Amino acid sequence: MDIGPIWRAMLRNKAGFVLIALQIAVTLTIMVNAFGIIQERAGKIDRDSGMDEANTFAFASVLFNDYEREQRKTLIDEDLAAIRGLPGVKNAIASNSFPLRQGGWSMSLQLEPGAMTPDSVGTAIYFVDEHGVDTFDTAIVDGKNFTPNQVSWSNPDDNTWPAYGLITEALGKEMWPDETGSYVGKTVYINDNDPVNIVGVVDKIQAPWPDWSGVERTMLVPQRRPSEFVRYIVRAEPGYRDELMPQIEELLSASNKDRIIRDMTTMDEVRELAYTGDTALIKILSFIVVLLTIITALGIVGLASFNVSRRTRQIGIRRALGATKPAIVRYFMLENSIVSAIGLVIGGVLAIGLNIVMVEAFALEPLSWYVIPIGMVALWLVGQLAVAGPARRASNITPAIATRSG
């Protein structure tokens with residue numbers, strides 16, 4: 001089919017086709033950039049925290065009567081012994097925080113003693129005992145775990161940090177970017193001048209803050225903290241989590257009446273809460289993309305229907321001269337393809353420009369190379385589907401009706 005006559009016919013009704021082309025361009029621009037954001041946020045939500053999330057839960061024990069420091073230490077020991085002794089419990093610890101909790105402790109590490117400098121590296125801190133690695137379900141890839149005699153109780157009269165630490169691989173790479181060997185045996189300084197000897201490296205355990213750029217940088221410290229507020233983390237055997245939660249709450253509540261057990265939550269719930277904003281953004285952007293696509297499709301349908309009604313006599317004459325129904329359908333499909341192509345080319349350029357601005361302004365990842373071509377193909381298909389109905393109606397116009405019109 002000759003494109004020339006189609007193009008000349010389009011030029012006689014430029015306004016409608018220009019508007020549709022611009023609508024397609026704007027839709028493509030927003031669609032692909034929204035998809036890029038959706039893709040980035042979905043990847044963020046799906047990140048591995050390093051924990052056995054399906055089988056892990058946490059809760060807090062809060063004393064409401066005054067206990068001496070030694071009494072608090074004894075209570076924590078008794079709680080952990082009772083929890084670890086239950087059937088179905090794989091391991092348990094008392095810690096200050098855990099991944100995705102959105103609250104925790106961070107410190108700066110230096111390679112030399114002294115105050116924090118621009119070269120200092122921030123890290124999340126988890127206070128654990130020798131059971132921390134197993135409870136967090138992280139693997140030691142180099143070095144060794146803490147031994148029981150390396151684990152100490154914090155002392156309010158002594159601000160010195162423990163002399164040992166386990167770090168994630170990500171933290172090691174940040175501290176020693178040029179190191180090709182082992183991080184074990186190296187020394188970092190925390191709290192300005194306290195040396196920490198790296199005894200082991202774990203593969204992954206995320207920081208508590210999912211939006212932090214250093215979310216993979218974490219250090220485990222062999223220290224226990226005998227406070228009135230204690231957060232317990234329990235890793236259950238597969239299938240035992242939901243059974244153990246009320247059982248442990250009842251057990252600890254009955255063992256000491258001077259406290260309350262609260263904030264019992266699964267890691268699934270923690271993850272859902274941590275990424276509520278990202279999930280909402282994905283839903284909003286998805287709705288906007290779908291809505292814009294529908295509006296664009298309706299615009300194409302409207303323009304095609306208008307053109308069919310306006311060209312009824314012309315179509316009838318063509319049918320009388322021997323044009324087949326498929327030929328009439330192809331005419332409108334090709335006409336729409338030309339308009340779509342113009343809009344898609346403009347939209348592709350605008351999409352790249354908008355993405356460059358967004359990358360610089362919001363530190364987003366650049367669009368993957370395949371996103372714009374996929375968006376173009378998707379919108380072209382939407383346009384072809386939208387014009388198919390009016391095109392079929394045009395092909396059903398009979399020569400007799402057309403010659404009697406106008």
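**Exercise 1. Sort the residues that line the largest cavity by class, and find which helices supply them.**

Step 1: The lining of the largest cavity divides into eight nonpolar residues, two polar and one charged. Here Ala, Val, Leu, Ile, Met, Phe, Trp, Tyr, Cys and Pro count as nonpolar, Asp, Glu, Lys and Arg as charged, and the others, Gly among them, as polar.

Step 2: The lining consists of Phe17, Ile20, Ile300, Leu303, Ala304, Asn307, Phe332, Glu335, Asn336, Val339 and Val387.

Step 3: Look for the helices. Helices (H or I, at least four residues) and strands (E, at least two) are DSSP runs, numbered from the N terminus.

Step 4: The largest cavity has a volume of about 70 Å³, and the structure holds four cavities of 30 Å³ or more. On a 1 Å grid over the protein atoms alone, a cavity is a set of points where a 1.4 Å probe fits but cannot get out, and a pocket is an open set with protein on both sides within 12 Å along at least five of seven lines; lining residues have an atom within 4 Å of a point. Grid points are joined across faces, edges and corners, and a volume is the space filled by probe spheres set on the points.

A word on the model before going on. This is a predicted model, in which local features need pLDDT of at least 70 and side-chain atom pairs count only at pLDDT 80 or more, while totals for chains, interfaces and linings use all residues. Residues are numbered from 1 along each chain as its sequence is written, and side-chain values use heavy atoms, with hydrogens and water left out.

**Exercise 2. Describe the largest pocket: its volume, the residues closest to its centre and the classes in its lining.**

Step 1: The volume of the largest pocket is about 290 Å³.

Step 2: It is lined by 14 residues, and the closest to its centre are Ser154, Asn155, Asp158, Thr160 and Gln223.

Step 3: By class, this lining has six nonpolar, six polar and two charged residues.

**Exercise 3. Work out how the rings of Trp105 and Phe127 are arranged, and what the pair ties together.**

Step 1: Start with the whole structure, where a search finds nine aromatic pairs. Rings of Phe, Tyr and Trp (its six-membered ring) pair if their centres lie within 6.5 Å; planes under 30 degrees apart count as stacked, over 60 as edge-to-face and the rest as tilted.

Step 2: The ring centres of Trp105 and Phe127 are 5.0 Å apart and their planes stand at 75 degrees, so this pair is edge-to-face.

Step 3: Trp105 belongs to strand 3 (residues 105–110) and Phe127 to strand 4 (residues 121–128), so the pair ties together parts that are 22 residues apart in sequence.

Step 4: Trp105 is partly exposed, at a relative accessible area of 31%, whereas Phe127 is buried at 2%. Buried means under 20% relative accessible area, exposed over 50%, partly exposed in between (1.4 Å probe, protein chains only).

Step 5: Look at the neighbours. Trp105, Phe127 and Trp161 form one aromatic cluster. The charged end of Arg225 sits over the ring of Phe127, 4.4 Å from its centre; this label requires NZ of Lys or CZ of Arg within 6 Å of the ring centre and within 35 degrees of the ring normal.

**Exercise 4. Which residues of helix 7 are buried, and on which side do they lie?**

Step 1: In helix 7 (residues 267–274), the buried residues are Met267, Val270, Arg271 and Ala274.

Step 2: These residues cover an arc of only 100 degrees around the axis, so they are on the same side of helix 7. The arc is that of the directions from the helix axis to the C-beta atoms.

Step 3: On the other side of helix 7, Glu272 and Leu273 are exposed.

Step 4: Recall the general rule: an α-helix has 3.6 residues a turn, so residues three or four places apart point the same way.
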